[in-house]
Amino acid sequence: VAQTAREGADINVEEAWKLTAGDPKIIVAVVDEGVKYTHPDLAANMWVNTREMTGTTGVDDDGNGYVDDVYGYNFDKDTGAIEPGGTINPGTHGTHVAGTVAAVNNNGIGVCGVAGGSGNNDGVRLMSCQALSGTAAGSGTTAVMARAFKYAADNGAVILQCSWGYVSGSANSYEWGAPGFKDEEEWATDA
C-alpha cells in the first residue's frame with residue numbers, strides 16, 4: 001500500500017462524477033474470475049436475478065437456461081455457484097476489478113469504484129460471469145468466453161469488463177503464433 005499520494009497518479013474521475021457517479025440501470029458484466037458478491041464494498045452494487053434468488057434451489061426459475069444464477073454464472077464449472085478468485089487465488093482478480101468498476105462510494109470502507117454511485121444505492125450493477133479459474137484446465141477457452149458474453153448480453157449487461165493478461169510479460173504476435181512475423185528476430189526489430 002502506498003504511504004504517500006502522488007499528484008496526477010489518478011484517473012481524474014471527479015469531473016465525471018459531477019455528471020454521474022453511476023446508474024443502477026447499467027449492468028456491467030465482469031468476465032473474469034468470480035466476484036465475491038458478499039464483499040462489503042460490492043454487495044450493494046451486485047446485479048441480482050430476483051427470480052432465481054426467490055425461486056427454488058436447483059431449478060431454472062427464470063427459464064434462461066441457467067440454474068441458480070443469482071449474481072451471474074460460473075461458466076468455468078457450469079454452475080450458478082460463483083467461486084470468487086477460482087481455486088488458485090481465492091478472492092483476487094474478479095473481485096479486484098469489480099471493485100475498480102463499482103465499489104460502493106462514500107461508505108467509509110475499502111475503495112471508491114469509478115461507477116460505484118454516491119453511496120445512495122445508485123451505482124452500476126455488477127454481474128459476475130466467471131470464465132476464468134486460475135490455471136484450471138479448460139478455464140478461459142473460447143467456448144467458455146462466448147457463453148459468458150452471450151449470457152451477459154441476454155441478461156441485460158451493456159458493458160463487459162474483460163481485464164485479462166497474457167502468460168508472459170510481453171504481448172506479441174510472434175509469441176502467440178499469430179501470422180505476421182517469420183521469427184522472433186523479425187518481431188523484435190519491426191518498427
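Predicted model: local features only at pLDDT ≥ 70, side-chain atom pairs only at ≥ 80, totals over all residues.

Modeller: Residues are numbered from 1 along each chain as its sequence is written, and side-chain values use heavy atoms, with hydrogens and water left out.

Biologist: What makes up the secondary structure of the protein chain?

Modeller: Helices (H or I, at least four residues) and strands (E, at least two) are DSSP runs, numbered from the N terminus. The protein chain has five helices and four strands, and along the sequence they follow the pattern α-β-α-β-α-β-α-β-α.

Biologist: How do you know that strand 1 and strand 3 are paired?

Modeller: Two strands pair if DSSP finds at least two bridges between them. Six bridges join strand 1 (residues 27–32) to strand 3 (residues 125–130), so the pair meets that definition. The two strands run parallel; within the pair, Val30 stands opposite Ser128 and Val31 opposite Cys129. Strand 2 is likewise joined to strand 3, by three bridges and in parallel, with Asn74 opposite Gln130.

Biologist: In what order do the four strands stand in the sheet, and why are strand 2 and strand 4 said to be at its edges?

Modeller: The order is 2-3-1-4 in an open sheet with parallel pairing. Strand 2 (72–74) and strand 4 (157–161) each have a single partner strand, so one side of each has no neighbour in the sheet. Neighbouring strands of the sheet are turned by 25° against each other on average, direction ignored. Such angles are taken between N-to-C directions and run from 0 to 180 degrees, with axes as lines fitted to C-alpha atoms, for helices over the stretch in contact.

Biologist: Which strands do helix 3 and helix 4 lie across?

Modeller: Helix 3 (residues 93–102) lies across strand 1, strand 3 and strand 4, at about 155° to strand 1. Helix 4 (residues 142–154) lies across strand 1, strand 2, strand 3 and strand 4, at about 155° to strand 3.

Biologist: Why is helix 3 described as largely enclosed?

Modeller: Buried means under 20% relative accessible area, exposed over 50%, and partly exposed in between (1.4 Å probe, protein chains only). Seven of the ten residues of helix 3 are buried, so the helix is largely enclosed by the rest of the structure. Those residues are Gly94, Thr95, Val97, Ala98, Gly99, Val101 and Ala102, and their cover includes strand 1, strand 3 and strand 4.

Biologist: What makes strand 3 a mostly covered strand?

Modeller: Six of its six residues are buried. Arg125, Met127 and Cys129 lie on one side, and Leu126, Ser128 and Gln130 on the other. For the whole protein chain of 191 residues, 36% count as buried.

Biologist: Is Cys112 called exposed or partly exposed, and why?

Modeller: Cys112 has 45% relative accessibility and therefore counts as partly exposed. Cys129, by contrast, has a relative accessible area of 0% and is buried.

Biologist: How do you know that Cys129 is in no disulfide?

Modeller: A disulfide is a pair of cysteine sulfur atoms within 2.5 Å. The nearest cysteine sulfur to that of Cys129 belongs to Cys162 and is 9.2 Å away, and Cys129 is in no disulfide. The structure holds zero disulfides.

Biologist: Which side chain does that of Gln130 meet in a polar contact?

Modeller: The side chain of Gln130 makes a polar contact of 3.4 Å with the side chain of Asn74. Gln130 lies in strand 3 and, at 0% relative accessibility, counts as buried.

Methods:
Contact = heavy atoms within 4.5 Å. Polar contact = N/O pair within 3.5 Å; in protein donor to acceptor, adjacent residues only side chain to side chain.
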